[in-house]
Structures are given as C-alpha cells and as structure tokens.
Amino acid sequence: MSFFELATFTVPDRTPLFKPIPRFYKGYRKLSVFCEATTEGIQKSLPEGFIAADNVIEVFVMACPEVYDVANPEMGPRNYLEGGVVVPVRYGDLLGGHVLYEFVTTDDAMAGGREVWGYPKKMGEVMMAESGGGYITATVSRLGRTLISATFTPQDIVYDKPLLHPRVQVKRIPRADGKGYDVDQIIRNDLRDAKIAQLVRGSATLAMGGSSLMDPLYELDVQRVIGAEFVVAEFYLDYGVIHEDRLVSRATT
C-alpha cells in the first residue's frame with residue numbers, strides 16, 4: 001500500500017484541492033513566442049544561484065481543455081488556461097528552463113503547481129482566441145494590468161529555440177512563525193510521453209507589461225521576436241526530483 005493510500009494527499013482532508021500525480025494533458029493548444037530579452041533583464045528576475053544561460057526566452061499562452069488525474073479517473077477531465085514566461089538557466093551543473101512567471105485560471109491548477117513542483121503560479125485572466133487562417137490573439141492579465149499581449153500569424157519561418165527542458169524550479173514555503181522556511185528546494189521536472197499532433201510556425205507581435213510593485217514582466221526588456229509556433233499536443237506531468245535541499249545544504253556548511 002502506497003503512502004497516498006494511507007494519508008490524505010493535501011488539504012483540506014475531506015476534499016483535497018488537488019489529487020495525487022500524474023496528470024495527463026490531452027489536446028492542449030499552446031502559442032509560444034520566442035524572443036530576445038536582455039541578459040541583464042533576465043538575471044535580475046532570477047532566484048538566488050540561478051544564472052541566465054541564454055537571452056532567448058519563451059512567452060506562452062496555453063489552453064488545456066482536458067486535464068485528467070490519472071490516479072482519480074472518476075473525477076473526469078478539468079480545464080483551465082495559463083500563460084507565462086520560461087527562461088533558459090543554469091543552476092550549478094544543471095541546465096534547463098525556469099518558469100519565471102505563470103498565471104492560471106483555476107485554484108487547483110495554481111495550488112498543485114506551487115505545492116508539488118514550485119511553479120510560481122498565480123491566479124489571472126487568460127484569453128486565447130483562434131480565428132480563420134490560423135491567426136491567434138492572446139492576453140494574460142492580473143490585478144487590472146495586461147501582462148502579456150500577443151498575436152500570431154502563420155508563416156514559413158526558421159529560427160532556433162532555446163533549451164528549456166527539464167524545468168528547474170524553486171520550491172519554497174515559509175515557516176508559520178516567520179523564522180525561515182519549512183521547505184527550500186531546487187526541483188527538476190521532466191515531461192513524459194510528449195506527442196505533438198500539430199505544429200505551425202509563424203511570426204508574432206508581443207507586448208509585456210506589469211508594474212514595479214507586482215509582476216514586472218517588462219523588466220525582461222524584450223528586444224525583438226525571432227519566431228513563434230502554435231502546437232496541439234499531449235503529455236504526462238509526473239512528480240519531480242529534488243535536485244537540492246537547500247535547508248540541508250546550509251545546515252552542513
């Protein structure tokens with residue numbers, strides 16, 4: 001019998017907000033805009049110990065119409081939208097992509113992503129509209145501010161994409177008494193069995209907003225868009241790997 005058959009996965013006990021992993025994402029639709037930011041803009045946004053590995057970043061908006069809890073199929077599929085920014089990073093000898101900003105439309109998507117893997121999810125308003133000819137418009141907003149505004153036009157275009165996998169995240173939970181942290185870990189997360197059903201490349205326009213007090217996406221200082229793509233695909237989202245427990249590392253140094 002597994003641990004999760006013996007204990008409630010998370011709170012509240014009677015009806016936990018999210019279920020045990022894995023998740024199966026079926027038929028998700030994702031717009032990715034690849035653009036050059038400044039190394040200085042990326043670096044100032046990164047957690048301690050992370051180094052910008054490239055200046056080409058991904059700004060994305062994604063519709064997830066069918067998300068299944070594999071361990072709890074009776075729940076049926078859920079759906080939500082999300083958008084955010086992924087930047088190439090190095091942490092020690094680990095190279096990958098760090099989700100720097102991420103905004104979602106449901107509470108279970110937010111809490112699960114933060115509590116299990118350390119994704120920096122916040123609730124927001126996300127819109128992605130597909131029209132005839134493959135044109136797409138997408139926006140991400142929060143607290144009355146537009147954070148991401150993008151358009152996509154199908155076009156035969158060639159560009160190089162940055163290395164953005166595996167995901168490398170910081171999972172940090174403060175103590176209830178304010179004296180440090182209960183958890184401070186570096187998490188590595190890999191997607192499993194990713195399959196692309198459709199991929200269309202093209203050009204895009206992009207604007208990044210925010211404020212100095214909250215969600216300063218504009219600080220990345222995007223210089224130009226090098227290309228974009230729209231994909232329809234699927235994947236499994238499994239548990240991650242604790243690459244480093246920084247509470248243990250500090251205690252032993």
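How many bridges join S11 to S14, and do they run parallel or antiparallel? Here are my notes, with the answer in point 3.

1. Ground rules. This is a predicted model, so to speak: local features need pLDDT of at least 70, side-chain atom pairs count only at pLDDT 80 or more, and totals for chains, interfaces and linings use all residues. Residues are numbered from 1 along each chain as its sequence is written, and side-chain values use heavy atoms, with hydrogens and water left out.

2. The whole chain. You'll find four helices and 14 strands here; helices (H or I, at least four residues) and strands (E, at least two) are DSSP runs, numbered from the N terminus. The C-alpha atoms fill a box of roughly 50 × 45 × 35 Å along the principal axes. The radius of gyration is 18 Å, which agrees with the value near 18 Å for a compact globule of 253 residues. That quantity is taken over C-alpha atoms, and the globule rule is 2.2 Å times the number of residues to the power 0.38. Of the 253 residues, 47% count as buried: buried means under 20% relative accessible area, exposed over 50%, and partly exposed in between (1.4 Å probe, protein chains only). Among contacts (heavy atoms within 4.5 Å) between residues at least 6 apart in sequence, 68% join residues at least 24 apart.

3. The paired strands. Back to the opening question: four bridges join S11 to S14, and the two run antiparallel. Strands pair if DSSP finds at least two bridges between them. S10 and S11 (residues 181–189) are also antiparallel, with eight bridges. Across that pairing, Arg172 stands opposite Asp184 in S11. The hairpin of S10 and S11 has six residues between the strands, and Gly178 there takes a positive phi near 80 degrees.

4. A closer look at Asp245. This residue sits in S14, which covers residues 241–245, and Asp245 is the bridge partner of Gln185. Leaving aside neighbours within four places in sequence, Asp245 is in contact with Asp184 and Gln185. From Leu31, Asp245 is 214 residues away in sequence and 34 Å away in space, C-alpha to C-alpha.

5. The largest pocket. About 760 Å³ of space lies in it. A pocket is an open set of points on a 1 Å grid over the protein atoms alone, where a 1.4 Å probe fits, with protein on both sides within 12 Å along at least five of seven lines; lining residues have an atom within 4 Å of a point. Grid points are joined across faces, edges and corners, and a volume is the space filled by probe spheres set on the points. The lining has 37 residues, with Lys30, His165, Arg167, Leu191 and Phe235 nearest the centre. S1 gives the largest share, six residues. By class there are 22 nonpolar, four polar and 11 charged residues; Ala, Val, Leu, Ile, Met, Phe, Trp, Tyr, Cys and Pro count as nonpolar, Asp, Glu, Lys and Arg as charged, and the others, Gly among them, as polar.

6. The second largest pocket. This one holds about 640 Å³ and is lined by 24 residues, including Arg114, Gly118 and Tyr119. S5 gives the most, six residues.
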